[in-house]
Amino acid sequence: MSASYNEVQLDALRELANIGAGTASTALSEMLGRSIDLAVPDVFVLPMADAIDQLGPAEQDITGIMLGVEGELPGTVLMLLTPENAEKICVMLGLPPDSELAPSALGEIGNVVGTSYLNALAGMTGIAVEPTPPTTVTDMLGAIVESILAVRAMSSDRTLLLDSSLIVEGEDCSIVFLLVPDHGGAEELLERIGLA
Amino acid sequence: MSDLMARMGELCASGTVGDQLVALGLGSCIGLVLLDRRKGVAGLAHIVLPASEGHKELNPLKFADKAVPELIRQVTARGGRKPMFEAILVGGASMFAGAGSTLEVGVRNAAAVREALAKERIRIHAEDTGGTKGRTVRVDPATGIVTVRKAGSKDEQLYPALSKTSHTRVLQEVA
């Protein structure tokens with residue numbers, strides 16, 4: 001089985017991502033007390049090595065907040081932001097940037113934002129999902145993303161990325177928001193909206 | 001003169017002076033280097049998972065058991081001699097310590113690569129594996145120098161080992 005989708009299906013996935021990210025941006029906006037802009041989401045079906053290149057230079061330092069997703073849409077929610085932007089978010093939350101609490105504060109942001117996104121998807125499609133607790137790590141982009149993709153590589157050479165950007169207005173601060181479904185996860189979504 | 005990239009599930013080999021073999025941002029994956037230093041030939045595989053069993057339709061080179069023989073073949077094709085091969089392992093980290101399924105992939109990858117090398121009777125001369133940090137590995141086939149960079153630090157030479165403490169031979173006094 002290889003992951004391949006037609007244009008109508010990709011459009012539908014993009015639309016689901018849009019609504020999910022819209023809900024996530026509202027949650028982020030409430031947490032930070034700022035307006036959040038939303039970039040039009042992208043949907044990629046790519047060989048795994050290309051998926052990393054798509055996200056940025058593999059050696060770039062990046063902060064990743066990861067939530068596992070269990071249930072009928074197994075996969076991973078991954079939020080990526082530069083370490084500078086992670087600091088900005090902490091400051092917006094009223095934390096000193098070098099605070100020991102920073103990773104758990106970011107994890108909590110990830111938890112709220114990721115869960116809102118998943119709830120929106122679940123509400124639209126009727127799937128049951130259960131997020132696992134967040135993990136926050138700052139390291140090379142390639143190392144973070146490949147470690148998530150590696151688990152998926154067991155069943156496919158390609159990966160589906162639903163990619164949205166949340167932009168904090170007036171702060172030049174953005175978070176890349178990714179949903180990486182496990183093999184079969186996207187099929188389940190499409191089936192629920194009658195496009196499988 | 002160029003950088004040859006080994007991305008997820010890819011491998012590369014060279015015996016050309018000035019070439020560099022590179023795997024950027026290894027997380028749970030293993031960068032496996034095979035060197036024939038006297039011939040100035042090297043290969044680098046970016047291995048994603050331990051075993052190909054039951055996954056016939058997938059890219060075999062992402063699995064340790066298939067990548068190791070293919071890397072041997074490619075380095076041999078460029079003039080490397082298998083009995084002279086030196087292996088160096090880099091990567092196999094657990095990026096999300098405590099986060100379940102990704103946890104053991106790095107450790108299992110390293111074990112699978114060691115086993116595949118043992119089967120081919122190739123000795124491991126240096127290793128920088130495990131931990132929680134991503135790594136970049138660079139190999140210069142002409143000199144056989146292997147460097148590793150971890151996130152937030154500089155390139156460090158992993159092989160040949162730079163002896164930090166000079167071995168002073170203690171001569172026994174003979175009465």
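A salt bridge is a side-chain nitrogen of Lys or Arg within 4 Å of a carboxyl oxygen of Asp or Glu. The exercises below use a predicted model, in which local features need pLDDT of at least 70 and side-chain atom pairs count only at pLDDT 80 or more, while totals for chains, interfaces and linings use all residues. Residues are numbered from 1 along each chain as its sequence is written, chains are lettered from A in the order in which they are written, and side-chain values use heavy atoms, with hydrogens and water left out.

**Exercise 1. Charged and polar pairs**

Solution: Next, take the total, which is 6 salt bridges between chain B and chain A. Then turn to polar contacts (pairs of N or O atoms within 3.5 Å; within protein, one must be able to donate a hydrogen and the other to accept it, and residues adjacent in sequence count only if both atoms are side-chain atoms). Across the interface, 15 residue pairs, both at pLDDT 80 or more, are in polar contact. By class, the side of chain B that touches chain A has 12 nonpolar, 12 polar and 9 charged residues, where Asp, Glu, Lys and Arg count as charged, Ala, Val, Leu, Ile, Met, Phe, Trp, Tyr, Cys and Pro as nonpolar, and the others, Gly among them, as polar.

**Exercise 2. The extent of the interface**

Task: Determine how many residues of each chain are in contact and what area is buried between chain B and chain A.

Solution: First count contacts (heavy atoms within 4.5 Å): 33 residues of chain B are in contact with 29 residues of chain A. Then take the buried area, the accessible area (1.4 Å probe) that two parts lose on being put together, summed over both. This area is about 2400 Å², of which carbon and sulfur atoms give 61%. Finally, R7(B), M8(B) and F96(B) supply 27% of the area that chain B buries against chain A, more than any other three residues.

**Exercise 3. The fold of chain B**

Task: State how many helices and strands chain B has, and in what pattern they follow.

Solution: Helices (H or I, at least four residues) and strands (E, at least two) are DSSP runs, numbered from the N terminus. Chain B has 2 helices and 10 strands, and along the sequence they give the pattern β-β-β-β-β-α-β-α-β-β-β-β.
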